[in-house]
Structure formats: structure tokens, C-alpha cells
Amino acid sequence: QVQLVESGGGLVQAGGSLRLACVASGRMSTIGTMGWYRQAPGKQRELVASIIYGGSTKYADTVKGRFTISRDNAKKTVYLQMNSLEPEDTAVYYCYARIWVGGVSQDYWGQGTQVTVSS
């Protein structure tokens with residue numbers, strides 16, 4: 001069974017940094033796009049950043065220049081380095097990955113990790 005497990009959330013002051021990590025485990029053939037979404041209280045879940053297998057990235061306008069997504073394909077891990085954090089970045093951050101198992105692709109989600117930025 002495929003699982004995504006996140007780590008690295010926490011409480012930080014505005015201007016600080018955090019690094020999130022998400023590891024995929026279980027039987028799988030290939031991991032395609034990986035990325036991070038976030039959901040703040042009372043708001044819809046939104047894409048923060050994504051990265052394809054070859055390394056091309058995409059970012060939400062609100063985090064460009066502050067956040068960096070990267071991946072280690074050998075370790076089946078995606079990272080999100082978050083710098084210059086703002087109170088508006090407070091949310092639950094969810095990892096996702098499109099994973100092929102036996103020739104069939106499916107989107108998988110982590111359980112979420114809380115990021116709280118105090119002013």
C-alpha cells in the first residue's frame with residue numbers, strides 16, 4: 001500500500017524558515033508529479049508548488065521567490081524549503097504525488113502537517 005508521510009511543520013515567527021519533507025513508501029513503479037498544497041481555515045485547498053520527475057517546477061504567485069520545491073527520486077522524497085515566512089502562510093500543508101502502480105496511475109495524499117507563522 002502506497003503512503004505519503006510528511007514531516008517538518010511547526011511554529012515559526014514571521015521572517016523565519018521551515019523545511020517540509022514528504023516520503024513515499026510502498027510498492028510502486030514510478031512517481032510522476034509531486035507537490036504541496038495548503039489549506040488555511042475557512043479557505044479552499046490551494047496549490048503551493050509542484051515538481052515533475054525531470055525537475056521542472058511550478059509555484060503559486062504568493063510564494064514565488066520565497067519557497068523552493070525539490071525532490072530526490074532515489075529517496076522518493078519531495079521537499080519544500082520555505083523562507084521569509086508570513087502569517088498568511090499559516091495553513092495545513094499536504095503533500096501529493098501521482099504514482100504508478102502496476103501500470104495504473106493514482107493521486108496520493110499525505111495526512112497534512114501544520115505550519116503556523118506568528119507575527
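## Salt bridges around R66

In this predicted model, D89 and R66 are both buried. Their side chains form a salt bridge, with N and O 2.7 Å apart. This pair links distant parts of the chain, since D89 lies in the loop between β8 and β9 and R66 in the loop between β6 and β7, 23 residues apart.

R66 also forms a salt bridge with E86, where the closest N and O atoms are 3.9 Å apart. E86 is in the loop between β8 and β9, so this pair ties together parts that are 20 residues apart in sequence. E86 is partly exposed, at 33% relative accessible area, whereas R66 has a relative accessibility of 11% and counts as buried because the limit is under 20%.

## Other salt bridges

The structure holds six salt bridges. One of them joins D107 and R98, with the closest N and O atoms 2.8 Å apart. Salt bridges that share partners connect R38, E46, R66, E86 and D89 in one network.

## The nonpolar core

The largest nonpolar core has 31 residues, of which W36, L80, M82, Y93 and I99 touch the most other members. Strands that give two or more residues to this core include β3, β4 and β8. The largest share, five residues, comes from β9. Among the residues that L80 touches beyond four places in sequence are W36, V48, F67 and Y93.

## T77 in strand β8

T77 belongs to strand β8 and is buried, with a relative accessible area of 5%. A polar atom of the T77 side chain lies 2.8 Å from the backbone oxygen of K75. Beyond four places in sequence, T77 is in contact with residues including A21, M34 and D72.

Technical notes:
Residues numbered from 1 in each chain as written. Predicted model: local features only at pLDDT ≥ 70, side-chain atom pairs only at ≥ 80, totals over all residues. Heavy atoms only, no water. Core = buried A, V, L, I, M, F, W, Y, C linked by side-chain atoms within 4.5 Å. Buried < 20%, exposed > 50% of the residue type's maximum accessible area, 1.4 Å probe, protein only. Helix = DSSP H or I, 4+ residues; strand = E, 2+ residues; numbered from the N terminus. Contact = heavy atoms within 4.5 Å. Polar contact = N/O pair within 3.5 Å; in protein donor to acceptor, adjacent residues only side chain to side chain. Salt bridge = Lys/Arg side-chain N within 4 Å of Asp/Glu carboxyl O.
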